[in-house]
Each structure stands twice: as structure tokens, then as C-alpha cells.
Amino acid sequence: MTGADLTFQFTQNWFAQNAVIWDKLVPRHKPQRILEIGSYEGRSACYFIEKFAAERPIELHCVDSWQGGVEHNAKAMSAVEKRFDYNVALAQRRVPHPVKLIKHKSLSHPALAKLIFINPEPVFDVIYIDGSHQAPDVLTDAVMAFQLLRVGGLMIFDDYLWSMEELGKQDSFNMPKPAIDAFINIFQRKMFVVRGAPVYQLFATKAFA
Ligand SMILES: C[S@@+](CC[C@H](N)C(=O)[O-])C[C@H]1O[C@@H](n2cnc3c(N)ncnc32)[C@H](O)[C@@H]1O
């Protein structure tokens with residue numbers, strides 16, 4: 001192996017700003033089974049691996065179509081997927097505990113349906129929702145993911161305030177926020193928003209089945 005092989009291959013750094021707050025909020029949930037919807041080059045997956053497989057064996061499910069969302073260049077996605085494979089393999093080699101990594105190359109809704117079918121009881125400690133940013137997709141991801149999150153588990157929504165259009169010209173179809181708000185409002189007796197977290201991502205714990 002050469003020195004270059006030991007370096008992650010990331011071209012995007014969307015995740016860097018999250019690490020400080022994740023370091024505070026996520027370890028409380030002692031994640032052993034983690035599900036992420038939207039993996040791209042594996043930046044958040046590598047965070048989960050490096051942070052939690054340093055402490056215990058983990059199972060990490062990564063769901064991504066690797067076709068990109070409306071905001072991505074679809075032609076670049078096969079190279080993105082290759083970087084994902086490389087990065088998560090490298091992260092796994094660096095940690096002391098085994099990582100069972102299950103890659104679901106699929107649109108999120110059929111992948112979630114399959115996971116619900118296989119796991120009639122909720123099994124995930126942490127679920128990160130960062131796939132499609134279109135409101136109907138985000139709402140469906142959230143409702144389906146709820147079925148998989150154990151009581152006491154943490155659901156994290158990325159890009160709560162993201163919109164495809166510029167400020168003042170937003171189209172609520174192209175925004176996660178209306179979907180996240182609808183989910184949180186409808187599940188208000190079952191999901192509690194974590195207070196004190198910055199608002200660009202929304203953290204909510206499952207309180208009741
Ligand atoms: C913002 S990126 C994820 C970033 C990643 N969590 C990170 O930290 O680097 C969004 C990803 O969601 C995927 N995606 C978009 N719509 C999807 C859908 N309906 N089903 C599955 N994956 C989807 C895209 O292919 C893209 O890789």
C-alpha cells in the first residue's frame with residue numbers, strides 16, 4: 001500500500017460543520033446499529049465508523065441510489081460511489097472493532113420497505129436522513145424510518161433549512177423543512193425535538209412506540 005492509499009478521497013466537506021455537535025449529541029445513544037439515508041462519498045459513514053467502532057462493534061446500513069438528487073450532477077455519481085467504497089473500506093481498516101457495513105444501492109423507499117419487512121421490531125439506535133431533499137421524499141423517509149428507530153433512539157435530519165432556490169424564492173416542494181416540520185408536528189407525542197442543538201440540522205428522539 002502506498003502513502004496515497006491511506007488518505008480519504010473526499011471532494012465535498014458538507015459534514016465538517018456537523019462533527020462538533022454530533023460529538024456531543026450522538027454518543028449518548030451508544031450507537032451499535034446505525035442507518036443512514038444518503039451516503040454520497042461516505043463522509044458521514046466514515047464519521048460513524050471512526051467514532052463508534054473505536055468503542056464497540058457496529059452495524060452500519062448505508063442507503064443511496066448513487067444517482068444523485070436534483071441538486072447533483074448525475075454523471076459524476078459513479079465516481080462518487082467508487083469513492084464511497086474506497087473511503088468506508090479505509091475507515092474500517094483504521095478502527096479496532098468490526099464494522100458490519102451493509103450497502104443498500106437503491107432508492108430509499110424500497111430499501112426502507114425491505115428493512116421494515118426484515119425487522120418487524122425497531123432495531124436502529126441512530127438514523128441519519130440526508131438523501132433526497134425534496135419534501136415528499138423526506139416526509140416518506142422520516143415516516144418509514146420511524147418504524148425502524150428504537151424507543152430512545154435518535155433521528156437526525158440534515159439540511160433542515162436548505163432550499164434549492166434562493167432565499168425569498170423558495171419552492172416548498174424542493175425543501176426538507178416543510179416535510180420535517182410536518183413529521184415532527186404529526187409525531188409530536190412520539191418524537192421529541194432535542195433542545196439546544198443548532199437549527200441547521202434537526203435532532204429528535206423517539207419517546208414512544
Ligand atoms: C447530500 S448527499 C449525502 C451526503 C452524505 N451524508 C455525507 O455526509 O457526505 C445526498 C445523497 O442522497 C442520495 N439520494 C438522493 N435522493 C435519493 C433517494 N430518493 N434515494 C436514495 N438516495 C438518494 C444521492 O445520491 C446523494 O448521494
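The structure is a predicted model, in which local features need a pLDDT of at least 70 and side-chain atom pairs count only at pLDDT 80 or more, while totals for chains, interfaces and linings use all residues. Residues are numbered from 1 along each chain as its sequence is written.

The chain contains 6 helices and 7 strands; helices (H or I, at least four residues) and strands (E, at least two) are DSSP runs, numbered from the N terminus. Read from the N terminus, the order of the elements is α-β-α-β-α-β-α-β-α-β-α-β-β. The radius of gyration is 16 Å, close to the 17 Å that the globule rule gives for 209 residues, so the chain is as compact as a globular protein of that length. Here the radius is taken over C-alpha atoms, and the globule rule is 2.2 Å times the number of residues to the power 0.38. Along the principal axes, the C-alpha atoms fill a box of roughly 50 × 35 × 35 Å. Of the 209 residues, 36% are buried. A residue is buried if 20 or more other C-beta atoms lie within 10 Å of its own, exposed if 12 or fewer, and partly exposed in between, with C-beta atoms placed from the backbone. Two residues are in contact if their C-beta atoms, placed from the backbone, lie within 7 Å. Among contacts between residues at least 6 apart in sequence, 75% join residues at least 24 apart.

The ligand is surrounded by 21 residues, of which the closest are Gly38, Arg43, Ser44, Gly69 and Ser132; a residue is near a molecule if its C-beta atom, placed from the backbone, lies within 6 Å of it. Helix α2 (43-52) and strand β2 (58-64) each supply at least two residues of this shell. By class, the shell comprises 6 nonpolar, 10 polar and 5 charged residues. Ala, Val, Leu, Ile, Met, Phe, Trp, Tyr, Cys and Pro count as nonpolar, Asp, Glu, Lys and Arg as charged, and the others, Gly among them, as polar.

Helix α5 (residues 135-146) packs against helix α6 (residues 176-186) at an angle of about 35°, with the axes 7 Å apart. Axes are lines fitted to C-alpha atoms, for helices over the stretch in contact, and angles run from 0 to 180 degrees between N-to-C directions. On the α5 side, Ala135, Val138, Leu139, Ala142 and Val143 meet Pro176, Pro178, Ala179, Ile180, Ala182 and Phe183 of α6. This contact has 11 nonpolar, no polar and no charged residues.

Two residues other than glycine have a positive phi: lysine 30, near 40°, and tyrosine 40, near 50°. Lysine 30 is placed in the loop between α1 (16-25) and β1 (33-37), and it counts as exposed because it has 12 C-beta neighbours inside 10 Å. Tyrosine 40 is placed in the loop between β1 and α2, and it counts as buried because it has 27 C-beta neighbours inside 10 Å.

Isoleucine 129 belongs to strand β4 (residues 124-129) and is buried, with 27 other C-beta atoms within 10 Å. Although isoleucine 129 and glutamate 36 are 93 residues apart in sequence, their C-alpha atoms are 6.0 Å apart in space. Histidine 109, in helix α4 (residues 108-118), is partly exposed, with 16 other C-beta atoms within 10 Å. Beyond its neighbours within four places in sequence, histidine 109 is in contact with Thr140 and Met144.
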